[in-house]
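Subject: Structure handover

Dear colleague,

Here is the structure I said I would pass on. My notes follow below it.

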Protein chains: 2
Amino acid sequence: MAASVVPDETVGRLVTYVDYLERLLDQEVATVSSRELAAAAGVNAAQVRKDFSYLVPYRLGYFGTPGVGYEVRRLLYQLTRFLGVTHERRVVLVGYGSLGAALARYRGFAARNFNMVAVFDVDPAKIGKKVDGALVHGIDRLGEVLAQTGAEIAILATPASSAQSVAEKLAQAGIRAILNFAPVVLSLPRGVTVRQVDLSREMQLLAFRAMQDGESARAHHDSLPEEERQREP
Amino acid sequence: MAASVVPDETVGRLVTYVDYLERLLDQEVATVSSRELAAAAGVNAAQVRKDFSYLVPYRLGYFGTPGVGYEVRRLLYQLTRFLGVTHERRVVLVGYGSLGAALARYRGFAARNFNMVAVFDVDPAKIGKKVDGALVHGIDRLGEVLAQTGAEIAILATPASSAQSVAEKLAQAGIRAILNFAPVVLSLPRGVTVRQVDLSREMQLLAFRAMQDGESARAHHDSLPEEERQREP
DNA sequence: TAGATTGTTAATCGATTAACAATC
DNA sequence: TAGATTGTTAATCGATTAACAATC
């Protein structure tokens, strides 16, 4: 079997389908079509069915019924089983700055069975304090605390300058997956999964699109001059 | 000219190149190759050159010199000019909960010329307070305040349940771009650019990969039984 | 049965990567 | 000049979408 049969894009959408199915379950809706799931996730209906087809090799059992759709309850059960969201997942946070503090408090994690078991920072003023239900440790105690808590997932919210070295320590200490908020590409041994969330990059992309839409006609005109008017800045 | 010649992926990477070029400029490095830029951004060198080639129609002037590479200073100038990062961009934040508060304080935005000019919330206890240098308004004052401030970009950090209706109000009030942290797919008129950041989804994806790596052998074994053992949950 | 909707295969689309002539 | 590296075209890859037979 290839290392990862199910693309990240699909796994991400499965999570979205689960969210939507839970809402349907609350509303006591019994069945749902791929078309409806697609609308909720902002994708094509064929995409939804294709996504489910990736799970066939895992032999989960039930999916849909032609002509009818999917039973909400059973589909939800299969997807959560596949995603493994049933049991608690332990998370550590490294970097208790403004963003780190927010992430520690963010309720979206707890709602999904993520339990923040420890926080790490370099600031001596923070070490030893209890924040949001978790104790702040010095980064030197990483290995020790990870061994104790058995956490497998880390949230990295340090400054860019220290992100790579901290990530290496995390990998060494047995962390399997890192959600990286530092605007640096981490290079780590295979076996450690990294997802990068670059908020500043997202904002800059948005700003570019906003500007572009506003200026399309003008920009086109401005761009005509062949000469480069650069003054060394 | 097609609506958007430059893919989002490329624009995102251009931002990353700019970050790296600024570091090189600080270090007084004069030239850089596509290979080096690629390493910094975690991509292929051909990707870097391809990304730059998308900018050719914009006739910015200088890029690289075959056999030599790119002059750091001039390349940086061209990219920032293209991205329009030179002038201040005004941003409003809607939803001052735990995440919203963190985003308001997040320094990565200010460092990139984003200025948070107003905050909105429904909680009467927050309205009228000054937080992180911006006043908190009721959502009913959206149109008024946006007209005053001229903000074009919004950060949406409300609960999922109100995200769509707030987004519609934002679009109506002239917002061009929305960074959406609510785990809901927004449907808005064309002309409003939306980027979604779903932190819980990222975490669930990571947790899945972490679990998967740990279990590959076991999971494969477990998956064999043909019978579905579902008990209605 | 007729209408609806699944699961899957094939077609399309777009992004990434390789290759290489141009050129400093 | 010889070596290096760009800019661009062509090849590859993977993800999305369309189409449709199977089937409830």
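Which atom of DNA strand D lies 2.8 Å from a backbone N or O atom of B:Gly64? It is a phosphate oxygen. Please keep in mind throughout that this is a predicted model.

The DNA side

B:Gly64 is one of 24 residues around DNA strand D, and it belongs to the group that comes nearest, together with B:Ser34, B:Arg49, B:Gly67 and B:Tyr70.

B:Gly67 places a backbone N or O atom 3.0 Å from a sugar or linking oxygen of DNA strand D. From chain A, a polar side-chain atom of A:Asn44 lies 3.1 Å from a phosphate oxygen of DNA strand D.

As for secondary structure, three helices each supply at least two residues of the surface near DNA strand D: α1 (8-26) and α3 (45-53) of chain A, and α3 (45-53) of chain B. By residue type, that surface has 11 polar, eight nonpolar and five charged residues.

The interface of chain A and chain B

Contacts between the two protein chains involve 80 residues of chain A and 79 residues of chain B. The area buried between chain A and chain B is about 7,200 Å², with 61% of it on carbon and sulfur atoms. Of the area that chain A buries against chain B, 10% comes from A:Met203, A:Gln204 and A:Leu206, more than from any other three residues.

Four salt bridges are found across the interface of chain A and chain B. A salt bridge joins the side chains of A:Arg195 and B:Glu202, at 2.6 Å from N to O. Residue pairs in polar contact between chain A and chain B number 10, counting those with both residues at pLDDT 80 or more.

Helix α9 (residues 199-222) of chain A contributes 17 residues to the side of chain A that touches chain B, the most of any element. That side of chain A divides into 42 nonpolar, 20 charged and 18 polar residues.

Chain A by itself

Chain A has nine helices and nine strands. Its 233 residues include 49% that count as buried. Taking the contacts in chain A between residues at least 6 apart in sequence, 54% join residues at least 24 apart.

Regards

Key
Residues are numbered from 1 along each chain as its sequence is written. Chains are lettered from A and ligands numbered from 1 in the order in which they are written. This is a predicted model: local features need pLDDT of at least 70, side-chain atom pairs count only at pLDDT 80 or more; totals for chains, interfaces and linings use all residues. Side-chain values use heavy atoms; hydrogens and water are left out. A residue is near a molecule or strand if one of its heavy atoms lies within 4 Å of it. A polar contact is a pair of N or O atoms within 3.5 Å; within protein, one must be able to donate a hydrogen and the other to accept it, and residues adjacent in sequence count only if both atoms are side-chain atoms. Helices (H or I, at least four residues) and strands (E, at least two) are DSSP runs, numbered from the N terminus. Ala, Val, Leu, Ile, Met, Phe, Trp, Tyr, Cys and Pro count as nonpolar, Asp, Glu, Lys and Arg as charged, and the others, Gly among them, as polar. Contact means heavy atoms within 4.5 Å. Buried area is the accessible area (1.4 Å probe) that two parts lose on being put together, summed over both. Buried means under 20% relative accessible area, exposed over 50%, partly exposed in between (1.4 Å probe, protein chains only).
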